[in-house]
Amino acid sequence: MTNPTAAELIARSNRLGSDPRVTNYAGGNTSAKGTETDPATGEPIELLWVKGSGGDLGTLVEPGLAVLRLDRLRALSQVYPGVDREDEMVAAFDYTLHGKGGAAPSIDTAMHGLVDAAHVDHLHPDAGIAIATAADGDKLTATIFGEKVVWVPWRRPGWQLGEDIAAIERANPTAIGCILGGHGITAWGGSSDEVEANSMWIIDTAEAYIEAHGRPDPFGTALDGYAALPEVERRAKAAALAPHLRALVSTDKAQVGHFTDSAVVTDFLTAAEHPRLASLGTSCPDHFLRTKVKPLVLDLPANASLEASIERLTELHEQYRKDYTTYFETYAASTTQSSVAGSLGAGVAQSLARLPQAPPRMRGADPAIVLVPGVGMFSYGPNKQTARVAGEFYVNAINVMRSAETISRYSPISDEEKFRIEYWALEEAKLQRMPAPKPLATRVALVTGAASGIGKAIATRLAAEGACIVIADLDLVKAQAAAAEIGNTDVAVGVQANVTDENQVRAAVDAAVLAFGGLDLVVNNAGLSLSKSLLDTTVADWDLQHDVMAKGSFLVSRAAARVLIDQKLGGDIIYISSKNSVFAGPNNIAYSATKADQAHQVRLLAAELGEHGVKVNGINPDGVVRGSGIFASGWGARRAAVYGVPEEELGKYYAQRTLLKREVLPENVANAVFVLCTSDLSHTTGLHIPVDAGVAAAFLR
Ligand SMILES: NC(=O)c1ccc[n+]([C@@H]2O[C@H](COP(=O)([O-])OP(=O)(O)OC[C@H]3O[C@@H](n4cnc5c(N)ncnc54)[C@H](O)[C@@H]3O)[C@@H](O)[C@H]2O)c1
Ligand SMILES: [Zn+2]
């Protein structure tokens, strides 16, 4: 049963969060204060509903709210030990929860609870952050908003910021909110509608001022030779660079990538001021936690050759790592983590023991954002969603920089303050609470023929184990539909490719690389089967079988190997061969011969690609009737006729002739593919695994 105040808060949050002008993904938080009957006493109590840690306003639902007792939350002011130990207050929130408390309260809960007004919005609109990061943000705030909006100098989010804002609210009865220096905006109101109107008024007024008072060319003149390349050329260069970039940014740990070549990015990279602005870094804490303090920017024009670009990126990456290490070492030495002892109650002190006490450990010196003039932006993270959002945040940062430079000078918070946020004990604790990554996290898989049958089961399994999936099949609509069954486009995408066509295969590999930043696992599964005797097999039959399977998997392996070699992260190529690659069955000359060809490709490529750390293995399935398009489209009927059983009995027939008497399902093949890709089989290459429930005639020796 939702409290009407909470319901109203959810509706407002969803409206605000779905407008990109209002806040970035998962940025900002909203709250409402109201009464409810205390189930323990039957008396009315005052509660605070506030968006919990990490949630997104646009998609907020009731379980995403933290619910706190207002009197107890405000009582914490009495035990607040001062700004040096404000982090301890987060643990103290545990003693103010109503019932189980809902979602974990975020650090901004203090601001929401301490402000008197019943309804509060804290948001990260690009226009608001632009004023917040302008060199003269305090003066601009007074000029633009008069007494209605008050400037709050930069302060790290926390209890003290809440106290400061509450004091401002009390001291400025005509104010409706404030600009938080280096950070964002906060608005308040007596009703949900009023705070929403106040938030929108601040954002609209900021946007209108920037529009009316800005310089026309905030990023400076256009640099010669830095304009975006034409689309086809741009994408081809991006796809060629991507594996090399992934090799660089995965120096500390493997990352997944996202590519953006929208005009907002390429225009920024064309402008004369982009190197200066990029080196200032992002400002809003939300932004740089995702983007890292600074991007890596290639300082070559759009027409720089691939070789020259890679050489320069390698140098810049080395420099980036050195700079990041210096940044870390400079500020880590002066960062003291919160201490446990103190004036808070014993219960609070105990909870605080959960905060990491040791000095921070460097989390990795590779960039999250790489900017390539003429081409676009590559963004990276431990999974696709994180990589995509990092890119979106850098677009927010570009918008912020443009608007700040339009009306003033962009002046983000200092590196020291950025460091304090990036290596905040509370952030560290949040990271340590994250579930362990799945076995195939950060790996990108391309599965051919995965719109149906065995391929689809393989794609589904690899996705469930954390891999990003590209489904390549003849029909785009079917490929996309299969991908959509597996997950959204952060999980799986579908592309059209006839594996017999060299250009289409290359395009599919490029699409995979642009979708997820690279490629690690390649499954040659596409196939079809004709069951014909030697005398009935036409040249066209022979060619079709060999084109799709022998030639198709050669083309896919070749295109993929280029990426795997450039990426220097090893990888797996897996062939779905067949029992028929070793078993001489009747009426099967074209199919079985091409399967034998595929099986020998496994051994040949295992021998050739081993030096690059690429493993090549195969699976020999047999009799997978259920879900198989091959069986449904005539092959099943013909095999049934060959064996003299009714078609619907074929699965059982195959099961009975196996040693284990079990029917083989697409999932059994998928399981074997997964096992080959795990670190448990890290030392195995050139192997075929039979998945046939035991067929002695097809034993490997
Ligand atoms: N089903 C079995 O018993 C069995 C046994 C051994 C091996 N295999 C092999 O497993 C693989 C998958 O078979 P399945 O039973 O799932 O069949 P399926 O027909 O259900 O799936 C095959 C997929 O490959 C796609 N495909 C066909 N030609 C293609 C091309 N030129 N380019 C891109 N995609 C193409 C099809 O559109 C289809 O989606 C095949 O290589 C098959 O030979 C199957
Ligand atoms: Zn914020």
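**Zinc site.** I looked up the donors of the zinc ion (ligand 2) in this predicted model and found His 122 (NE2), His 124 (NE2) and His 183 (NE2), at 2.1 Å. Donors here are N, O and S atoms within 2.8 Å of the metal (3.2 Å for Na, K and Ca); water is not among the atoms, so the site may look incomplete. I noted the sequence spacing of the donor residues as H-x1-H-x58-H. His 122 sits in strand E5 (residues 119–123) and His 183 in the loop between strands E7 (177–180) and E8 (184–189), 61 residues apart. Strands (E, at least two residues) and helices (H or I, at least four) are DSSP runs, numbered from the N terminus.

**Conventions.** I number residues from 1 along each chain as its sequence is written, and ligands from 1 in the order in which they are written. Local features need pLDDT of at least 70, side-chain atom pairs count only at pLDDT 80 or more, totals for chains, interfaces and linings use all residues, and side-chain values use heavy atoms, without hydrogens and water.

**Ligand 1.** I counted 26 residues around ligand 1 (a heavy atom within 4 Å); Ser 452, Asp 473, Tyr 591, Ser 628 and Gly 629 are the closest. Helices H18 (453–464), H22 (589–609) and H23 (629–643) each supply at least two shell residues, and H23 gives the largest share, three.

I then checked polar contacts (N or O pairs within 3.5 Å). An oxygen atom of ligand 1 lies 2.7 Å from a backbone N or O atom of Val 624, and one lies 3.1 Å from a backbone N or O atom of Ile 630.

Key: Polar contact = N/O pair within 3.5 Å; in protein donor to acceptor, adjacent residues only side chain to side chain.
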